[in-house]
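This briefing concerns the salt bridges of one protein model. Please look over the sequence and the structure before reading on.

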Amino acid sequence: MTNKHVLVVDDDKKTVELVKLYLERDGYKVNTAFDGNEALRLFRELHPDLIVLDLMLPGIDGREV
């Protein structure tokens, strides 16, 4: 079991849920966001160890994030 924290960011909810399922199965704590603004907010709030980030997001895209 790990105490590592991952933030998964993608506007496709099915993709997010699948990635989250696999990460949680391997013991990671996972939070999710569906747009760039939400990703930035959660990054500042949670300080995740890793971010899985889609580049094509609504609002602020992944490159800007």
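Which residue's side chain meets that of Asp26 in a salt bridge? The partner is Arg25, at 3.7 Å from N to O. A salt bridge here is a side-chain nitrogen of Lys or Arg within 4 Å of a carboxyl oxygen of Asp or Glu. The model is predicted, so local features need pLDDT of at least 70 and side-chain atom pairs count only at pLDDT 80 or more, while totals for chains, interfaces and linings use all residues. Residues are numbered from 1 along each chain as its sequence is written, and side-chain values use heavy atoms, with hydrogens and water left out.

**Salt bridges**
- Searching the whole structure gives three salt bridges.
- One of them joins Glu24 to Lys20, at 4.0 Å from N to O.
- Another joins Glu45 to Arg41, at 3.1 Å from N to O.

**Helices** (DSSP runs of H or I, at least four residues, numbered from the N terminus)
- Helix α1 (residues 13-25) holds both Glu24 and Lys20, which are four residues apart, about one turn of the helix.
- Helix α2 (residues 36-46) holds both Glu45 and Arg41, also four residues apart, about one turn of the helix.

**Accessibility** (buried is under 20% relative accessible area, exposed over 50%, partly exposed in between, with a 1.4 Å probe and protein chains only)
- Arg25 has a relative accessible area of 59% and is therefore exposed, whereas Asp26, at 46%, is partly exposed.
- Glu24 is partly exposed at 39%, and Lys20 is partly exposed at 22%.
- Glu45 counts as exposed because its relative accessibility is 51%, while Arg41, at 44%, is partly exposed.

Note on methods
Helix = DSSP H or I, 4+ residues; strand = E, 2+ residues; numbered from the N terminus.
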